[in-house]
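Welcome! Please have a look at the structure below, and then read on for a short tour.

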Amino acid sequence: VREHWPASLPTPLLSSFDLDGLAQARDQAPQIPRALNLYSSLKNYRNKLAEYDCRALHCKDRLIDEQVAAEITGAGYELRCFTVDDPKRAGRLREWGVASVFTDYPDRLKLDPGQ
């Protein structure tokens with residue numbers, strides 16, 4: 001990615017569930033930002049974000065509530081959730097400071113910018 005990413009495009013964000021992959025990305029291309037993906041548990045997420053020098057956390061939406069979202073974003077990390085197909089849930093996550101969501105149905109999640 002470091003060698004082949006077009007300069008005309010914004011810098012990519014490398015995200016992975018694989019900790020070895022994040023370590024390799026950190027070591028071989030430290031200038032490319034990283035995100036930690038978590039599916040079933042947030043256990044030790046802070047330590048992992050720090051260890052792999054991640055700027056973001058991507059997690060299953062049901063792993064967070066308003067307090068956890070505030071904790072993550074308050075620590076300066078970007079937070080994104082997957083897989084969110086319900087517009088009401090997407091709206092609530094947005095209210096909590098979630099930067100964006102991954103969805104199978106983007107047409108269902110049309111939100112007004114003012115919401």
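## Aromatic rings and the sheet

At 36% relative accessibility, Phe-102 counts as partly exposed (buried means under 20% relative accessible area, exposed over 50%, partly exposed in between, with a 1.4 Å probe and protein chains only). The model is predicted, so local features need pLDDT of at least 70 and side-chain atom pairs pLDDT 80 or more, while totals for chains, interfaces and linings use all residues. Residues are numbered from 1 along each chain as its sequence is written, and side-chain values use heavy atoms, without hydrogens and water.

Ring pairs link Phe-102 with Phe-17, Tyr-39 and Phe-82 into a cluster. Rings of Phe, Tyr and Trp (its six-membered ring) pair if their centres lie within 6.5 Å; planes under 30 degrees apart are stacked, over 60 edge-to-face, the rest tilted.

| Pair | Centre distance | Plane angle | Type |
|---|---|---|---|
| Phe-17 and Phe-82 | 5.9 Å | 75 degrees | edge-to-face |
| Phe-82 and Phe-102 | 6.2 Å | 70 degrees | edge-to-face |

Phe-82 lies in strand 4 and Phe-102 in the segment after strand 5, 20 residues apart in sequence. Helices (H or I, at least four residues) and strands (E, at least two) are DSSP runs, numbered from the N terminus. Phe-82 is buried at 10% relative accessibility, whereas Phe-17 is partly exposed at 49%.

Now to the sheet: five strands form an open sheet in the order 1-2-3-4-5, with parallel pairing (two strands pair if DSSP finds at least two bridges between them). Its edge strands, strand 1 (14–16) and strand 5 (100–101), each pair on one side only.
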